[in-house]
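Hi there,

Here is the structure I promised to pass on to you.

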There are 2 protein chains.
Amino acid sequence: MGESPSTALHTDRYELTMLDAALRDGTAERRCVFELFGRRLSGGRRFGVVAGTGRLLGLIRDFRFGHEELRWLRDEKVVDAATLDYLEEYRFTGSITGYREGELYFPGSPILTVEGTFAEAVVLETLALSVLNHDSAVATAAARMSVAAGDRPLAEMGSRRAGEASAIAAARAAYIAGFAATSNLEAGRRWGIPTMGTAAHAWTLLHDTEEKAFRSQVEALGTGTTLLVDTYDTRAGVETAIRVAGTGLGGVRIDSGDLPIVAGEVRAQLDELGATQTRITVTSDLDEYAIAALAASPVDSYGVGTSVVTGSGTPTAGMVYKLVARQDDAGGWVGVAKASAEKGSKGGRKAAFRTLDRGTATSELIVVSDGFEAVDTAASHPDARALQVLLVTDGEPDAAFEGPAGVQAAREHHAYAREELPVRALALSKSDPAIPTVYREADERSAGQ
Amino acid sequence: MGESPSTALHTDRYELTMLDAALRDGTAERRCVFELFGRRLSGGRRFGVVAGTGRLLGLIRDFRFGHEELRWLRDEKVVDAATLDYLEEYRFTGSITGYREGELYFPGSPILTVEGTFAEAVVLETLALSVLNHDSAVATAAARMSVAAGDRPLAEMGSRRAGEASAIAAARAAYIAGFAATSNLEAGRRWGIPTMGTAAHAWTLLHDTEEKAFRSQVEALGTGTTLLVDTYDTRAGVETAIRVAGTGLGGVRIDSGDLPIVAGEVRAQLDELGATQTRITVTSDLDEYAIAALAASPVDSYGVGTSVVTGSGTPTAGMVYKLVARQDDAGGWVGVAKASAEKGSKGGRKAAFRTLDRGTATSELIVVSDGFEAVDTAASHPDARALQVLLVTDGEPDAAFEGPAGVQAAREHHAYAREELPVRALALSKSDPAIPTVYREADERSAGQ
């Protein structure tokens, strides 16, 4: 288990009590297919961005029940002795296919397909959903901000507005979806994300004068640093900044006021002072709409906090983890689904493709198989891109998707996938998904094409 | 440092670069007072609930820079060698006073007051805000749900809709604010919160028939268990449930449909079948408004997921951490504040009281001291409740506020403090804070009373 803390109790109680009952009645060993998907795109988003997959793979490695976890489960009588024995040996040995991290998703997209016994697959539900729901919500909001910002770089600075562990995951998700850097040092260390920072108002207030604060910062960090100019009076702050650092000052940060107006005034003042290369970064309560509204203003970069780490109004992606197929006693496969108008799911295993017309996405094609046999994804849709890859084989995660290298790959894949979107997908207003989800039965597809 | 992972890099980069510059210019050792507070109650809340304090104390214990953290900071050239030496020895040695966990707060309430050198106090900003902003947002939403639910118990079941670590913190915050239990096992183990659970739709779908699934669950968990009855057809599900478990069945869970109608139908059916003691729990996308709308329906308990862990529309409390006083070179104290219409703060150290009229809160009285001398909280407001306690003394957290015992104390304190609220505070609609925040200068207060 190495030094990583166990993630095995990041789990809803009913997962273990269902396991307990299934071990008694013999269904625990039934082969099952669970699917993780979103029924809709929350918040009227036109597309979703998958994030968290690489994190989840590492957390599944650490999903082992150690002595402390087992003792607590025994003391609390959560499960019986036979179940404790099972959990002591627990290790996921099944397979997981799914969308690459950074990929786009739409309603019904089979983002993860988890195959294994009921026992080993059911207990991953809470952890898988926690990771994917949080990280995808942040990545989806971040992608919208990235679209709004165009070529101007975005920095994620919202750690203080998210739980301390989620903050690191949020920095990672935002980077995958197009942000250039984060203020969070642990995200830099753990995931290889570039880190950045300027200074706080406390820095200026600590010193007897703004000039002393600026002078000290420039001496420590060089003239390439970014000075925060709005602690007292922005016009005086800019004048002091250039007087102290010279016209080679790297940047100034504005954190208050009516940003389109203030940015214009500061740009004019900097140019008058000869600091034509000094960059302006703005950071006050920005979201994708505020960023879009600054498109015509002389702003060079954006720092985004609260809105990106909280998913800009949609803090969770609302994905679910549902049993879609299982074996019966005879060993045959049965597609299963809850019957409900608004909360139903579609039984059967799915293969997913993004159909394209001259490089532009036209639909999310989901081929449903009643049985368990793998749908041949390669042959029959040469005009479409197959969306699923093998993430875990016989319990072993593919290391290529993990760690900093996995993050870089996800960021690149996201940029690639976003290029396929039709232009209408890039508008910020609430709408239906940018492309329709089309279901097809496996037989029909085989027969028809 | 024990086995806890370091929390020292859960920190924005600029905290360390400000430290770096302050060590060079000599201001690092200036004594400072930082204050953590909310400028307003986000989301039109009528009161806020402080949560996270006990967690933060443990995280401050683990705020040490180990070899890995230091090596990364050196390799990335975040700070210079002198700063690395400082960080290697870093331990917070100052003091923290603040509101008890579970206490109510209002705009400007000095929730934490951190006193120490600039160096040791500034680097705690990100961590302190991450914890308090997240946990207080959840607790505030949970308290509103608890008000709406009245005497009916609430269970927190939202782990899957929050980052995997934030989920544990959310379960803890919800419990402090009045929830009775959580589905999250790690929250049970770590914080001593009662855990609960029923079964998922996958449980029914795993079995060949609903009856087999119910029979197995009752055999494993006893007739006191709660059966999920809406997988196929709720009326048939209820009939099967009572046939299998008998009229002594503990409960049924309904997770879909128009809940006021369905709950009434299920209650009537249960009563007809003689299962008059079988409880009904409902769990479908509930928030405080949906809970209030079910007040007249025959529901016995509520399971709440997404809305509570995401703060029911307000996922972060929006608190800030501001330098409010510092020493000058002569050793005198200076109150400091940023000048800004909408983002300004009030300089000076604060003492906070809740004034009461026959047991009902009438104002949040904040006595401001320009200097550093402690305001005498005990003497002059016998009709008010002093709100601040000493949380950390000379770097040592008060263990009474930590661990499961701290959670219980916070839950009890919350119930106590909520009893003081005027009735208008308990309405769910958006409004101004239920009581006004009143500032008074320390001198004026001493003189006037």
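Below is what turned up, going from the whole assembly to single side chains. Please keep in mind that this is a predicted model.

**The two chains.** A rotation of 180°, with 0.0 Å of shift along its axis, places chain A on chain B with an RMSD of 0.0 Å. This is therefore the relation of a two-fold axis. Both copies use the same surface, as 100% of the contact residues of chain A recur in chain B.

**A pair of helices.** In chain B, helix α7 (residues 164–176) packs against helix α15 (residues 403–419) at about 40°, and their axes are 8 Å apart. The two helices are therefore oblique to each other. From α7(B), the residues B:Arg172, B:Tyr175 and B:Ile176 take part, meeting a set in α15(B) that includes B:Val407 and B:His414. The residues of this contact comprise 4 nonpolar, 2 polar and 2 charged.

**Salt bridges.** Over all chains, 68 salt bridges were found. One of them joins the side chains of B:Glu103 and B:Arg354, at 2.7 Å from N to O. These partners are 251 residues apart: B:Glu103 sits in the loop between β3 and β4 of chain B, and B:Arg354 in strand β14. Are they buried or exposed? Both B:Glu103 and B:Arg354 are buried.

Another bridge, 3.9 Å from N to O, joins A:Arg91 and A:Glu396. Here A:Arg91 is partly exposed, at 34% relative accessible area, and A:Glu396 is partly exposed too, at 41%.

Finally, look for the network of salt bridges that links A:Arg30, A:Arg326, A:Asp329, B:Asp208 and B:Lys212.

Happy exploring!

Terms used: Residues are numbered from 1 along each chain as its sequence is written. Chains are lettered from A and ligands numbered from 1 in the order in which they are written. This is a predicted model: local features need pLDDT of at least 70, side-chain atom pairs count only at pLDDT 80 or more; totals for chains, interfaces and linings use all residues. Side-chain values use heavy atoms; hydrogens and water are left out. Axes are lines fitted to C-alpha atoms, for helices over the stretch in contact, and angles run from 0 to 180 degrees between N-to-C directions. Helices (H or I, at least four residues) and strands (E, at least two) are DSSP runs, numbered from the N terminus. Angles under 35 degrees count as roughly parallel, over 145 as roughly antiparallel, 65 to 115 as roughly perpendicular and the rest as oblique. Contact means heavy atoms within 4.5 Å. Ala, Val, Leu, Ile, Met, Phe, Trp, Tyr, Cys and Pro count as nonpolar, Asp, Glu, Lys and Arg as charged, and the others, Gly among them, as polar. Copies are superposed by least squares on the C-alpha atoms of residues with pLDDT of at least 70 in both. A salt bridge is a side-chain nitrogen of Lys or Arg within 4 Å of a carboxyl oxygen of Asp or Glu. Buried means under 20% relative accessible area, exposed over 50%, partly exposed in between (1.4 Å probe, protein chains only).
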